[in-house]
Amino acid sequence: MRLRPVVLSVLLLSVPLEAADVAIHGLQGAGASSPLAGQAVTTTGVVTALRTNGFYLQAPDDEADADPATSEGVFVFTSSAPPPAAARGNRVRVSGSVVEYRPSSDPASPPLTEIGGSVQVSLLSSGNPLPTPVLLTSAELSPAGPADRIERYEGMRVHVPALLVVA
């Protein structure tokens, strides 16, 4: 009896990894820049406002963390009109890359944390209450404070009872 050699082939498939599921306060972090900048993430929240090139997403009140240094909101940059799932009051799941955006017209401005890149949005529920706006006090808006003192409210709903603006 004659033996035949057998060749085994191993086929390796490249499967993209799922984006990490992270809370909005986790992707915002406690500093001026996200600790996850450049990474793929998936997060959920309630759509609070729409713009022509994206929308704001905020964690519901009962999902906020207890850290006053982290923001519970983030801008989702879609580069064009937001998808229909991104209607105000809808709870959505968003996947994309964490980007630190700095406008070219103001390169000295602090960066804004966004979810961008190839953004995917899926509807989880609609008709949700919007997160309660955070009350900003005159102390937080004082010109004598540090420049990044309101970073912790980036992308969030806020309420200011009265302002005096001098230009």
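T42 counts as buried, with a relative accessibility of 9%; buried means under 20% relative accessible area, exposed over 50%, and partly exposed in between (1.4 Å probe, protein chains only). The model is predicted: local features need pLDDT of at least 70, side-chain atom pairs count only at pLDDT 80 or more, and totals for chains, interfaces and linings use all residues. Residues are numbered from 1 along each chain as its sequence is written, and side-chain values use heavy atoms, with hydrogens and water left out.

T42 is part of strand 2. Strands (E, at least two residues) are DSSP runs, numbered from the N terminus. The side chain of T42 makes a polar contact of 2.7 Å with that of S95. A polar contact is a pair of N or O atoms within 3.5 Å; within protein, one must be able to donate a hydrogen and the other to accept it, and residues adjacent in sequence count only if both atoms are side-chain atoms.

Strand 2 (residues 40-51) runs antiparallel to strand 3, joined by five bridges. Two strands pair if DSSP finds at least two bridges between them. A hairpin of two residues links strand 2 to strand 3. V46 lies opposite Q58 of strand 3. Strand 3 also pairs with strand 4 (residues 73-77), antiparallel, over five bridges. There, L57 has V74 as its bridge partner. Four of the five residues of strand 3 (residues 54-58) are buried, so the strand is largely enclosed by the rest of the structure.

One salt bridge is counted, defined as a side-chain nitrogen of Lys or Arg within 4 Å of a carboxyl oxygen of Asp or Glu. R91 and E63 form this salt bridge at 3.0 Å, N to O.
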